[in-house]
Amino acid sequence: MNIGEVAEQTGLPAKTIRYYEDIGLVTPQRGANGYRVFRDTDAHKLTFLGRARALGFSIEHCRELLALWEDRSRASADVRAVALGHLDDIEEKISALAAMRDTLAELVQNCAGDDRPDCPILKGLEGP
């Protein structure tokens, strides 16, 4: 498969596929003409990486998960540990976003939004 075909099959842009190759996540073969030749195993890896990235895993976590995926003697506990760590990160982000939302909602609620120059939102951004 060429890069356009594997891009269509995996749903990843060619630029992303080239980047994954540059950082060593996939290593397609090269034809006699020097063009990339993607095998089915490359397409499976790219699909895997696309799904992992869609779930918010970092490149380094993707590298780790890909290594675990390729290691048939791995323990599922190792995979679970990576996923649990990422889930904890997501929970922290959700908590931080909820706190931001609550603070901003309070500032907006306290602002009359009229023609007066006094603005509780700006005062709130100044600090405590």
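Into which domains is the chain divided? The chain has domain 1 (1-57) and domain 2 (75-128), with bounds from an automatic or database domain assignment. This is a predicted model, in which local features need pLDDT of at least 70, side-chain atom pairs count only at pLDDT 80 or more, and totals for chains, interfaces and linings use all residues. Residues are numbered from 1 along each chain as its sequence is written, and side-chain values use heavy atoms, without hydrogens and water.

**Confidence**
- The average pLDDT (the predictor's confidence in each residue, from 0 to 100) is 95 for the chain, and 100% of the residues score at least 70.
- Among the elements, helix 2 has the highest mean pLDDT (98), and helix 6 (residues 120-126) the lowest (90).

- A distance of 36 Å separates the C-alpha centres of domain 1 and domain 2.
- Helix 1 (residues 3-10) packs against helix 2 (residues 14-22) at about 105°, their axes lying 9 Å apart.
- Helix 1 is therefore roughly perpendicular to helix 2 (angles of 65 to 115 degrees).
- I3, V6, A7 and T10 of helix 1 meet A14, I17 and R18 of helix 2 (heavy atoms within 4.5 Å).

**Salt bridges**
- The whole structure holds eight salt bridges (a side-chain nitrogen of Lys or Arg within 4 Å of a carboxyl oxygen of Asp or Glu).
- One of them joins R63 to E60, with the closest N and O atoms 3.5 Å apart.
- R63 and E60 are separated by about one helical turn because they lie three residues apart in helix 4 (residues 59-70).

Conventions. Axes fitted to C-alpha atoms, helices over the stretch in contact; angles between N-to-C directions. Helix = DSSP H or I, 4+ residues; strand = E, 2+ residues; numbered from the N terminus. Parallel < 35°, antiparallel > 145°, perpendicular 65-115°, else oblique.
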